[in-house]
Amino acid sequence: MKLHLVTDGKHSSDSLISILADVHRYADAIHIREKDRSAGELAELVEILARKGVPKSKLIMNGRVDAAVRSGLVKVQLPTHGLPVKFVKEHYPYLGAGCSVHSVKEAIDREKDGADWLIAGHVFQTDSKNGLEPKGISFLQTISESVSIPVYAIGGVTPDVLPELKKLKVAGAAVMSYVFSADKPVDAAKELARKLKGGTADEDIL
């Protein structure tokens with residue numbers, strides 16, 4: 001199973017760069033979800049990360065096709081109320097595009113529209129969705145069985161729930177708070193990677 005990390009938009013540039021330079025080796029993908037930054041700021045962030053050794057191939061620009069194009073990335077994550085995936089595929093056919101979904105119908109429709117993967121949630125209780133009832137494992141299972149493209153779980157994902165996810169036909173998990181709100185993000189990312197992929201040493205999970 002793959003581990004996607006999603007930035008939370010709460011860190012300064014220096015802090016975010018430092019965190020990503022440490023955690024990227026444990027992640028299969030890193031979603032740059034920084035809503036308050038301009039396309040220019042995002043492009044600069046990507047270039048600095050590349051110089052710090054974070055492969056551009058791991059980076060996915062969340063919600064900002066303009067910033068992805070400007071920074072030379074080839075993957076975007078499209079939120080529910082963002083650009084339609086059909087539009088993105090028609091105008092930027094070289095971009096891989098994932099969609100965030102919150103229902104089985106959305107999942108089926110986005111696959112028909114050309115999405116390359118889906119992030120479905122929120123699955124478990126999470127402070128970032130305080131007051132909203134989680135969708136639950138059965139929701140995730142139904143989505144994963146209703147489409148043929150990869151599905152990633154998001155929302156309240158911690159090491160404790162990974163055994164439940166591993167029983168399902170899901171491609172992996174997307175994680176925000178557990179890593180980016182942690183006192184030691186690299187340790188949190190390493191723990192998630194070990195639980196998802198197995199192994200006890202760094203070389204076993206890379």
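Let's start with helix H6, residues 137-146, where the buried residues are Phe139, Leu140, Ile143 and Ser144. Buried here means under 20% relative accessible area, exposed means over 50%, and partly exposed is in between, with a 1.4 Å probe and protein chains only. Those four cover an arc of only 125° around the axis, which puts them on the same side of H6. The arc is taken from the directions that run from the helix axis to the C-beta atoms. On the other side of H6 you will find Ser138 and Glu145, both exposed.

A quick word on what we are looking at. This is a predicted model, in which local features need pLDDT of at least 70 and side-chain atom pairs count only at pLDDT 80 or more, while totals for chains, interfaces and linings use all residues. Residues are numbered from 1 along each chain as its sequence is written, and side-chain values use heavy atoms, with hydrogens and water left out. Helices (H or I, at least four residues) and strands (E, at least two) are DSSP runs, numbered from the N terminus.

Back to H6, then. What do its buried residues pack against? The partners are strand E5 (96-101), helix H5 (104-113), strand E6 (117-121), strand E7 (151-154) and helix H7 (162-166). Contact, by the way, means heavy atoms within 4.5 Å. In the loop between E6 and H6 sits His122, and a cis peptide bond joins Gly121 to His122, with omega at about 0°.

Now to helix H2. Its 13 residues, 39-51, should span 18 Å at 1.5 Å a residue, and the end C-alpha atoms are 19 Å apart, which agrees. The expected span is 1.5 Å times one less than the number of residues. Which residues of H2 are buried? They are Ala39, Leu42, Ala43, Leu45, Val46 and Leu49. Seen down the axis, the buried residues of H2 fall within an arc of 160°, so they line one face of the helix. The face turned away from that buried side carries Glu44 and Arg51, which are exposed.

The buried residues of H2 pack against helix H1 (13-23), strand E2 (29-32), strand E3 (59-62) and helix H3 (65-71). At 60% relative accessibility, Arg70 counts as exposed, and Arg70 touches Ala39, Gly40 and Ala43, leaving aside residues up to four places away in sequence. Arg70 and Val46 are 24 residues apart in sequence, and their C-alpha atoms are 10.0 Å apart in space.

Asn62 is buried, with a relative accessible area of 14%. Not counting residues up to four places away in sequence, Asn62 touches Ile32, Arg33 and Gln77.

Just after H2, Gly53 takes a positive phi of about 100°. Gly53 is also one of the residues touched by His24, along with Ile30, Val54, Pro55 and Lys58, again not counting residues up to four places away in sequence. His24 lies in the loop between H1 and E2, and at 13% relative accessibility it counts as buried. Pro55, in the loop between H2 and E3, counts as partly exposed at 31%. As for distance, His24 and Asn62 are 38 residues apart in sequence and 17 Å apart in space, C-alpha to C-alpha.

Last stop: H1 and helix H9, residues 185-197. How do these two helices pack? H1 and H9 pack at an angle of about 35°, with their axes 9 Å apart. The axes are lines fitted to C-alpha atoms, for helices over the stretch in contact, and angles run from 0 to 180 degrees between N-to-C directions. H1 passes H9 in a right-handed crossing. A crossing is right-handed if the near helix is turned clockwise from the far one by less than a right angle, and left-handed if anticlockwise.

In the contact itself, Ile19, Asp22 and Val23 in H1 meet Pro185, Val186 and Ala189 in H9. By class, that contact has 5 nonpolar, no polar and 1 charged residues. Ala, Val, Leu, Ile, Met, Phe, Trp, Tyr, Cys and Pro count as nonpolar, Asp, Glu, Lys and Arg as charged, and the others, Gly among them, as polar. Ile19 counts as buried at 10% relative accessibility, and Ile19 touches His11, Phe180 and Pro185, not counting residues up to four places away in sequence.
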